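Hello,

Here is the structure I promised to pass on. Please have a look at it first; my notes follow below.

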Amino acid sequence: ERIKESLIITVPMATAVVAVIVTLFLFSANDVQIYTTARGEQIAVELNDDSSINLNSDTELIVKFTDDYRTVELVRGQAFFTVAHDPLRPFVVKAGNGEVRAIGTAFDVEKMEELITVTVLEGRVEVLQMFNSAEIQINRREEIKANEQVSFAEVGTLSKAQFVDPN
């Protein structure tokens, strides 16, 4: 009888403790932040991996870090990224149907309507454009280095790297 009462109290308490631990683990393993700027506003954000992002006017982005990767989705606007070197956790910026992969570099991504432009100031990045429909599947890749720029539309071609004057 006493064992039964003890189990009635212990099982729910153990379940509650496990639920709290699982919740804390999920929230700490999936750190998601949303940053937005209004028209005319600019902000600088320091990330927990020592990377930084400068958001230009009327910009929205979603930052998601886990133990395995660092992902930023540029919903709209323009942001400049200075990426801390971490080869075990790639830094990926998604914009439209493309993504920019970096390990340690400084680059700018701008999404205006359907046009995405990537400009590298330091280091190198890989730009990947993906388009899938019932009729076609397109995957284009371009590696660009300091003082180069590429652009692409939601549906369209990824340009070849072009030199840009850093001044």
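In which sense do β12 and strand β13 pair, and over how many bridges? They pair in the antiparallel sense, over two bridges. Strand β13 covers residues 162-163. Gln149 stands opposite Gln162 in β13. Bear in mind that this is a predicted model.

β12 has another partner. Strand β9, residues 115-122, pairs with β12 over six bridges, again in the antiparallel sense. There, Leu115 has Ala153 in β12 as its bridge partner.

Strand β12 itself runs over residues 148-153 and has two faces. Glu148, Val150 and Phe152 make up the covered face. Gln149, Ser151 and Ala153 make up the uncovered one.

Next, the core. The largest nonpolar core has 29 residues. Leu61, Phe81, Phe107 and Val109 have the most contacts inside it. Strand β5, residues 70-82, gives this core its largest share, four residues. In soluble globular proteins, nonpolar side chains tend to be buried together.

Take Val109. Beyond residues up to four places away in sequence, Val109 touches Phe81, also one of the residues with the most contacts in the core. Its other contacts include Leu74, Val93, Val100, Ile116 and Val118.

Last, a loop residue. Thr105 sits between β7 (98-102) and β8 (106-112). Is Thr105 buried or exposed? Thr105 counts as buried because its relative accessibility is 4%, and the cut-off for buried is under 20%.

Best wishes

Key:
Residues numbered from 1 in each chain as written. Predicted model: local features only at pLDDT ≥ 70, side-chain atom pairs only at ≥ 80, totals over all residues. Heavy atoms only, no water. Buried < 20%, exposed > 50% of the residue type's maximum accessible area, 1.4 Å probe, protein only. Pairing = 2+ DSSP bridges. Core = buried A, V, L, I, M, F, W, Y, C linked by side-chain atoms within 4.5 Å. Contact = heavy atoms within 4.5 Å.
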